[in-house]
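Thanks for coming, everyone. Let me put the sequence and the model up on the screen, and then we can walk through how the chains meet.

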There are 4 protein chains.
Amino acid sequence: MSIFCWPARVYWEDTDGGGVVYYANYLKFLERARTEWLRSLGFSQRELARTAGIVFAVRSVKIDYRRPARLDDELCVTCEPRARGAASLSFAQRILKAAPAAAAAAEDLLAGAEVRIACLDARTFRPQPLPDMLLSALGAQED
Amino acid sequence: MSIFCWPARVYWEDTDGGGVVYYANYLKFLERARTEWLRSLGFSQRELARTAGIVFAVRSVKIDYRRPARLDDELCVTCEPRARGAASLSFAQRILKAAPAAAAAAEDLLAGAEVRIACLDARTFRPQPLPDMLLSALGAQED
Amino acid sequence: MSIFCWPARVYWEDTDGGGVVYYANYLKFLERARTEWLRSLGFSQRELARTAGIVFAVRSVKIDYRRPARLDDELCVTCEPRARGAASLSFAQRILKAAPAAAAAAEDLLAGAEVRIACLDARTFRPQPLPDMLLSALGAQED
Amino acid sequence: MSIFCWPARVYWEDTDGGGVVYYANYLKFLERARTEWLRSLGFSQRELARTAGIVFAVRSVKIDYRRPARLDDELCVTCEPRARGAASLSFAQRILKAAPAAAAAAEDLLAGAEVRIACLDARTFRPQPLPDMLLSALGAQED
């Protein structure tokens with residue numbers, strides 16, 4: 001199974017006065033990749049809220065910043081599901097400077113992260129089991 | 001009547017790779033000042049949505065950027081109500097580098113803006129007359 | 001000549017508590033489109049700063065918000081050069097909900113903007129004539 | 001020694017379509033508190049770059065999100081220096097909903113974080129020992 005990787009371009013909005021991407025903005029890239037990974041499985045979060053009554057909330061983030069990204073850089077943001085709880089999902093994510101094919105080169109790793117997500121009832125914000133259709137899609141992906 | 005002025009400090013989050021505040025982020029400063037101007041009249045937007053069932057939406061912005069704001073700068077953001085429609089309000093706003101007292105010095109004007117706001121039903125997003133209690137507060141301020 | 005149009009997807013980062021895209025964030029979409037329009041002519045802003053010693057700064061923005069963009073929406077952001085001064089460029093830009101082909105449908109226009117850009121010396125921040133190679137590229141495009 | 005605490009108000013810019021503060025934006029609050037903690041010791045980062053030739057870069061963040069912050073909430077963001085290396089500093093930080101005095105109440109803890117910062121040469125971006133004057137100020141604070 002190949003690793004899911006979502007491209008991102010660095011624009012002015014992402015940089016700060018130090019000339020590099022502002023540290024909080026890497027989390028936006030991570031979220032885009034998780035959203036697109038989910039979409040690649042056939043799920044839109046807006047639809048999940050409407051049809052399954054669930055939303056996802058980030059419970060924790062661990063991120064290591066290795067090298068800075070700069071204006072105009074083309075990034076590749078990976079998203080790999082890891083541990084899975086009844087109402088939660090964990091992801092390993094990386095932000096690479098180069099295209100997926102070059103992912104093996106250590107110098108391309110800009111940041112590495114672990115992100116834990118909780119599945120919540122869209123109205124009460126209480127933990128909710130991951131919907132079956134999502135579990136099925138995840139299971140199919142792992143086979 | 002003195003001009004309402006809300007202080008803002010420039011942090012890394014506000015700057016971009018050019019070393020100055022990113023052009024979209026001045027609109028955040030403008031919004032903070034409008035929100036605090038409203039609060040100074042006794043209104044919280046969260047409360048207005050809950051009790052009066054209304055929200056405000058920006059209809060248009062005209063902004064002129066004169067001089068850049070930089071990291072650590074202390075700003076003063078003004079908010080002056082101008083024209084008023086049945087379901088809308090217009091504001092003249094300025095972003096100044098110095099304290100309100102120095103507002104007269106032309107070199108302190110970093111940006112000037114005109115912002116038009118619509119009052120909407122919080123559920124249907126349709127135009128809604130400005131609530132009476134807000135009109136009363138505005139009237140009292142003008143006296 | 002067809003109109004330059006850059007796609008943008010709405011992510012959580014773009015929305016606010018009102019459930020729609022935060023008004024300042026539309027300016028990020030506009031900037032991405034201008035940057036990509038420039039890239040389509042063969043210019044990267046990082047390169048222009050390094051080789052021609054110039055940067056671009058936004059001088060003014062006029063934006064009308066017509067309809068809100070929401071999470072997951074696919075947008076198309078246009079960029080059309082208009083008036084040109086010795087050291088400045090003006091653009092008409094639109095944010096549409098649908099693909100470029102559908103651009104004629106009025107209901108797809110989410111926002112319209114006029115943006116004026118100044119060309120500055122990258123070190124002194126003083127107005128600088130637009131570089132010849134950029135003028136040539138613009139001229140070629142107009143033919 | 002009392003714990004340094006910097007106030008923050010939640011504005012529309014901070015929230016997302018879920019009605020709560022967007023997960024990346026808590027990192028902005030953390031950075032403001034670190035910047036103001038440094039300022040409380042007498043240091044501005046702009047001055048440090050100019051006079052000591054150093055900048056700070058975030059190396060890692062671990063953040064646990066406990067409860068969401070919402071529009072209009074008043075937050076208190078703490079900043080406590082912890083481990084110190086030759087060219088790095090670590091901080092424990094918390095985001096609380098209530099005023100510092102109430103910091104003991106568990107229900108007010110919205111997020112807890114550990115942040116590691118590196119001191120870099122402003123030009124080469126290579127690790128640089130923490131400047132003596134900063135070490136002195138830190139030492140004085142600990143006494």
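So, let's begin with chain D and chain A: 100% of the interface residues of chain D are also interface residues in chain A, so the copies meet through the same surface. Before I go on, this is a predicted model, where local features need pLDDT of at least 70, side-chain atom pairs count only at pLDDT 80 or more, and totals for chains, interfaces and linings use all residues. Residues are numbered from 1 along each chain as its sequence is written, chains are lettered from A and ligands numbered from 1 in the order in which they are written, and side-chain values use heavy atoms, with hydrogens and water left out.

Here, 21 residues of chain D are in contact with 21 residues of chain A, contact meaning heavy atoms within 4.5 Å. Together the two chains bury about 1,800 Å², with 59% of that on carbon and sulfur atoms. By buried area I mean the accessible area (1.4 Å probe) that two parts lose on being put together, summed over both. On the chain D side, D:Y23, D:Y65 and D:F125 lose the most area to chain A, together 30% of what that side buries.

Which elements of chain D give two or more residues to this side? They are helix 1 (26–40) and strand 2 (54–65); helices (H or I, at least four residues) and strands (E, at least two) are DSSP runs, numbered from the N terminus. Strand 2 of chain D brings the largest share, 8 residues. Sorted by class, the side has 11 nonpolar, 2 polar and 8 charged residues. In that sorting, Ala, Val, Leu, Ile, Met, Phe, Trp, Tyr, Cys and Pro count as nonpolar, Asp, Glu, Lys and Arg as charged, and the others, Gly among them, as polar.

How many salt bridges does the rule find across this interface? It finds 0, a salt bridge being a side-chain nitrogen of Lys or Arg within 4 Å of a carboxyl oxygen of Asp or Glu. What the rule does find between chain D and chain A is 8 residue pairs in polar contact (both at pLDDT 80 or more). That term means a pair of N or O atoms within 3.5 Å; within protein, one must be able to donate a hydrogen and the other to accept it, and residues adjacent in sequence count only if both atoms are side-chain atoms.

Now look at the strands. Strand 2 of chain A (residues 54–65) runs antiparallel to strand 2 of chain D, and 5 bridges join them; pairing needs at least two DSSP bridges between two strands. A:S60, for one, has D:D64 as its bridge partner.

On to the symmetry. Chain D superposes on chain A by a rotation of 180° with 0.0 Å of shift along the axis, at an RMSD of 0.0 Å. The two copies are thus related as by a two-fold rotation axis. In chain D, the C-alpha of D:K62 is nearest the axis, 2.2 Å from it.

Finally, chain C with chain D. In this pair, 8 residues of chain C are in contact with 8 of chain D. The area buried is about 630 Å², and carbon and sulfur atoms give 68% of it. C:W12, C:G17 and C:Y22 lose the most area on the chain C side, together 59% of what that side buries.

Definitions and conventions:
Least-squares fit on C-alpha atoms with pLDDT ≥ 70 in both.
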